[in-house]
Amino acid sequence: MANVAVIGAQWGDEGKGKVVDWLASRAEIVVRFQGGHNAGHTLVVDGTTYKLSLLPSGVVRGKLGIIGNGVVLDPDALLGEIAKVRAQGLDVGPHNLRIADNVPLILPLHPALDRAREAARGEDKIGTTGRGIGPAYEDKVGRRAIRLCDLAEPETLSAKLDELLLHHNSLLRGLGATPFEKQPLLDALLALAPQLLPYSEPVWERLAAARAAGKRVLFEGAQAVMLDVDHGTYPYVTSSNTVAGNAAAGAGVGPDSIGLVLGIAKAYATRVGSGPFPSELHDEIGRRLGERGREFGTVTGRPRRCGWFDATMVRQAVKIGGVNGLVLTKLDVLDGLPELKICTGYRVDGVEMRHLPAAMRAQAKAEPIFETMEGWSGSTMGARSYAQLPAQAVKYIRRIEELVEAPVMMLSTSPDRDDTIALRDPFAG
């Protein structure tokens, strides 16, 4: 049977958590392969709401969860999240959660640098969560990261902290922020070692064994394609590669292990933080989408910017991300709108384009070209088959398929796990 990778096809917050939870009931292993605790997945199961940032969504279903080496891990955030879900009745421990031994760690100096840089940018701030994700990835690429495996070697840890502080304290002083002392950091990491090391292992070996045994693996992405550090609306992006191709490098498997790629997209569009958003609405309809869709960031609590569905952007994400099919979420939020619009292209300095340009100023100038469609008066809330959808809602879905050049394989019609229309079994390959 095929594996499945789930990624966002817009700017994140598309409802990946619910989709992964739905798919996890048919998988043996769920792997988180990139990002950090700047991502958030909200799951509603039997009336209980779980808000996850680092834990793979499969833990809610009692599946084996793996945090891959492509993640940057904040130890305190992880332990706090484990404690929180345990208080909600979930059983999480080394028996059902494994962490790559080579995963880079986020230390207190990383968010300090993140916040200092963002403050220095002033009005040009990127809109980061200030949680140290970017600086931690910089240390990984700069070959000075503290990794989980280092906690088992106190002498190695001490030497690596010297190098790390030499770099970070110079930057912090330059930004007018308080530098860090070595001993408190070292003591804190050594205290964390017995709590974290029981979860540590070379997860690539477990995943290789799972493949040999024919087990189904679900690869869970964070953020979305248009926040990819290479392919997104740079520099207003996250600090990792969010495309499905990174599931291989971020988990320690071959590219042929990724399987079918599902791209998650809302039936409209949202974005948190700064950056271009051609189809954004600043009127009553935009406010209505935000209110009906309860559009607030899972991690930050910030209100999301809302706009019409951008088929041009999603098509771009489909091509770059290797998306085989879409999961369309929050269709019910559009119920009752007399008229709907879909962005089918852009004008930049009078020139029509079928993709978002790479250059920053050109992105900011992109004006949407809209196609107008009739809305529907009936309700899609809770629908579990195409037959229950209003005819105009089906037309809207079909038009999206044509414009993004990918089939809609699943639909989500409410936050409830069972309010899902599956048109194809993703695990069938």
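**Sheet and pocket**

Analyst: Ile 66 has Arg 98 in S6 as its bridge partner. This is a predicted model, in which local features need pLDDT of at least 70 and side-chain atom pairs pLDDT 80 or more, while totals for chains, interfaces and linings use all residues. Residues are numbered from 1 along each chain as its sequence is written, and side-chain values use heavy atoms, without hydrogens and water.

User: Which strands do the 3 bridges join?

Analyst: Strands are DSSP runs (E, at least two residues; helices are H or I, at least four), numbered from the N terminus, and two strands pair if DSSP finds at least two bridges between them. Here S5 (residues 64–67) and S6 (residues 97–100) run parallel, joined by 3 bridges.

User: What is the strand order of the open sheet?

Analyst: Its 10 strands follow S7-S6-S5-S2-S8-S1-S9-S13-S17-S18, with mixed pairing. S7 (200–201) and S18 (420–422) are the edge strands; each has a single partner strand, so one side of each lacks a neighbour in the sheet.

User: Which residues line the second largest pocket?

Analyst: A pocket is an open set of points on a 1 Å grid over the protein atoms alone, with protein on both sides within 12 Å along at least five of seven lines; lining residues have an atom within 4 Å of a point. The lining includes Asp 74, Asp 76, Ile 106, Pro 184 and Leu 192. H6 (182–196) and H2 (75–87) each supply at least two lining residues, and H6 gives the largest share, 5 residues.

Methods:
On a 1 Å grid over the protein atoms alone, a cavity is a set of points where a 1.4 Å probe fits but cannot get out, and a pocket is an open set with protein on both sides within 12 Å along at least five of seven lines; lining residues have an atom within 4 Å of a point.
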